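Here is a short report on one protein chain. Look at the structure first, then read on.

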Amino acid sequence: MNWDETGPDTDTDQRLVGSGADGEDQAVEAALRPKDLDEFVGQEKVREQLDLVLRAARARGATADHVLLSGAPGLGKTTLSMIIAAEMNAPIRITSGPAIQHAGDLAAILSSLQEGEVLFLDEIHRMSRPAEEMLYMAMEDFRVDVIVGKGPGATAIPLELPPFTLVGATTRAGLLPPPLRDRFGFTGHMEFYEPAELERVIHRSARLLDVEIDVEGAAEIAGRSRGTPRIANRLLRRVRDYAQVKADGVINRDIAAAALKVYEVDARGLDRLDRAVLGALLKLFGGGPVGLSTLAVAVGEERETVEEVAEPFLVREGLLARTPRGRVATPAAWAHLGLVPPQQGQGGSGQQGLFRA
Ligand code: ADP
């Protein structure tokens, strides 16, 4: 395998419950990655569909169609691309959209691919425009035009490429321009994982890391992992540290809960920042509606941090709603922080009305 630049998923999100990969994740993940489709937990639909695509290609003795995988960070897109390569018995090259700033960068990668090789392009929606246009032709005709020279004297030299399989990954397929989206033979939408699936991921990882964990311990970690295997594996490692230092190394429910209390990850997977945002919304603004900037100032964070780091999960969990009038807490938010919403007519600046059926 070949890593271009820093490898995929260099998210700057360093929180324990952040879904991007930090340095430690990148080092450990190689050991924890499922190696084939049977080992890959959950995502039944994508797995079944991909299995058909790969079997058919193998039966034809052909290179597999280009595959687009959409879904949040940490759900297994890189892992699936490696599985595709393994199932096709092909080498894999890994790079990412932000690493390809010039068409020439892409031309260099494409022209060095071997026949049948899998090219994994993470964050494909962040590729530069000229590179994207070069990719269209490469995907369709296995050919690129390399431009030599500048200005009126520039000439395009066509370059034949060996057939390859592009596996593109993006957080949302809707971010891709339609001409690019249409060139993929298959699009797999990765969903967040159910707690029972995350328990299976945790048991599997614990076996590989040689950590003893019981059923309830795994359930406790799974419930706090925000539907994301990467977070489940990371929390497992932190709980393992705690179990080694404070107990006999064995993880059960009490140990997992105590460890994650130390790391400020609550029973629903909210961390300090999430709770600060929710707490300010409830305690200072009676549950809203309140504008994003005001909320950000109240928690001493940047607008972007609140909007991009904390809110997506709070919205997904049904704890916070973004309305045209501002951010509003849902009844579940009051319950989660153990607070009582103000009575109708008192405070709350009309938020009850927003939730009346
Ligand atoms: P993405 O590319 O979507 O950000 P990765 O493929 O890098 O996610 O997966 C992150 C981590 O989660 C890896 O260590 C991988 O082992 C684990 N993982 C992801 N999906 C699964 C799965 N379905 N079963 C088991 N482990 C998984």
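## Leu-180

Leu-180 counts as buried, at 0% relative accessibility. Buried means under 20% relative accessible area; exposed means over 50%, and partly exposed lies in between (1.4 Å probe, protein chains only). The model is predicted: local features need pLDDT of at least 70, side-chain atom pairs count only at pLDDT 80 or more, and totals for chains, interfaces and linings use all residues. Residues are numbered from 1 along each chain as its sequence is written, and side-chain values use heavy atoms, with hydrogens and water left out.

Leu-180 sits in helix α6 (residues 178–181). Helices (H or I, at least four residues) and strands (E, at least two) are DSSP runs, numbered from the N terminus. Setting aside residues up to four places away in sequence, Leu-180 touches Ile-124, Glu-132, Leu-135, Tyr-136 and Met-139. Contact here means heavy atoms within 4.5 Å. Glu-133 is 47 residues from Leu-180 in sequence, yet their C-alpha atoms are 8.5 Å apart.

## Helices α4 and α5

Helix α4 (residues 103–111) and helix α5 (residues 129–141) have axes that come within 8 Å and cross at roughly 35°. Axes are lines fitted to C-alpha atoms, for helices over the stretch in contact; angles run from 0 to 180 degrees between N-to-C directions.

From α4, Ala-103, Leu-106, Ala-107 and Leu-110 meet Pro-130, Ala-131, Met-134, Leu-135 and Ala-138 of α5. The residues of this contact divide into 9 nonpolar, no polar and no charged. Ala, Val, Leu, Ile, Met, Phe, Trp, Tyr, Cys and Pro count as nonpolar; Asp, Glu, Lys and Arg count as charged; the others, Gly among them, are polar.

## Thr-170

Strand β7 (residues 165–170) holds Thr-170. Thr-170 is buried, at a relative accessible area of 1%. Its side chain joins that of His-125 in a polar contact of 2.8 Å. A polar contact is a pair of N or O atoms within 3.5 Å; within protein, one must be able to donate a hydrogen and the other to accept it, and residues adjacent in sequence count only if both atoms are side-chain atoms.

The Thr-170 side chain also reaches the backbone oxygen of Arg-172 at 3.2 Å. Beyond four places in sequence, the contacts of Thr-170 include Leu-68, Lys-77, Ile-124 and Leu-175.

## Glu-311

Glu-311 lies in helix α13 (residues 303–316). Glu-311 is buried, with a relative accessible area of 0%. Its side chain makes a polar contact with the side chain of Arg-322 at 2.8 Å. Not counting residues up to four places away in sequence, Glu-311 touches Leu-292, Leu-295, Val-306, Leu-320, Arg-322 and Arg-327.
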